[in-house]
Amino acid sequence: MLRTPTHDTRLRILEWLKDPVAHFPPHHGTDLLVDGVPADAVAAKLGVPGPVAHTHLTLLTALGLLRPHRIDGRVHYRRDEVRVAEVARMFEKGW
């Protein structure tokens, strides 16, 4: 994940989702901290089409770094802090 040319984009997504209220506008009927951020909001912030953002979000989800949650037919994402901490520890140990 971190050796691809798009690693910076994925790291930015993880950073934004660390504090979603500071980086994304409120979404009608949901709580950004509890429910997560809708995929289309991530795409808009990145300035890319939805399918491009979806690719990044899918990879981060497959790695276990994000948890998806479907609300009214839309997928919302939030960080899995336990998994993020595990990965950070692996890198600290010289993985």
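**Exercise 1.** State which residues of helix H4 are buried, and identify the elements they pack against.

*Solution.* In helix H4, which spans residues 39–46, the buried residues are Ala41, Val42, Ala43 and Leu46, where buried means under 20% relative accessible area with a 1.4 Å probe and protein chains only. The model is predicted, with local features needing pLDDT of at least 70 and side-chain atom pairs counting only at pLDDT 80 or more, while totals for chains, interfaces and linings use all residues. Residues are numbered from 1 along each chain as its sequence is written, and side-chain values use heavy atoms, with hydrogens and water left out. The buried residues of H4 pack against H1, strand E1 (37–38) and H5; helices (H or I, at least four residues) and strands (E, at least two) are DSSP runs, numbered from the N terminus. Just after H4, Gly47 takes a positive phi of about 75°.

**Exercise 2.** Classify the aromatic pair, and describe the surroundings of Trp16.

*Solution.* The structure holds one aromatic pair, a pair being rings of Phe, Tyr and Trp (its six-membered ring) with centres within 6.5 Å. The ring centres of Trp16 and Phe24 are 6.2 Å apart and the planes stand at 85°, so the pair is edge-to-face, the class for planes over 60 degrees apart. Both Trp16 and Phe24 are buried.

Technical notes
Phe/Tyr/Trp six-rings, centres within 6.5 Å; stacked < 30°, edge-to-face > 60°. Buried < 20%, exposed > 50% of the residue type's maximum accessible area, 1.4 Å probe, protein only. Lys NZ or Arg CZ within 6 Å of the ring centre and 35° of its normal. Contact = heavy atoms within 4.5 Å.
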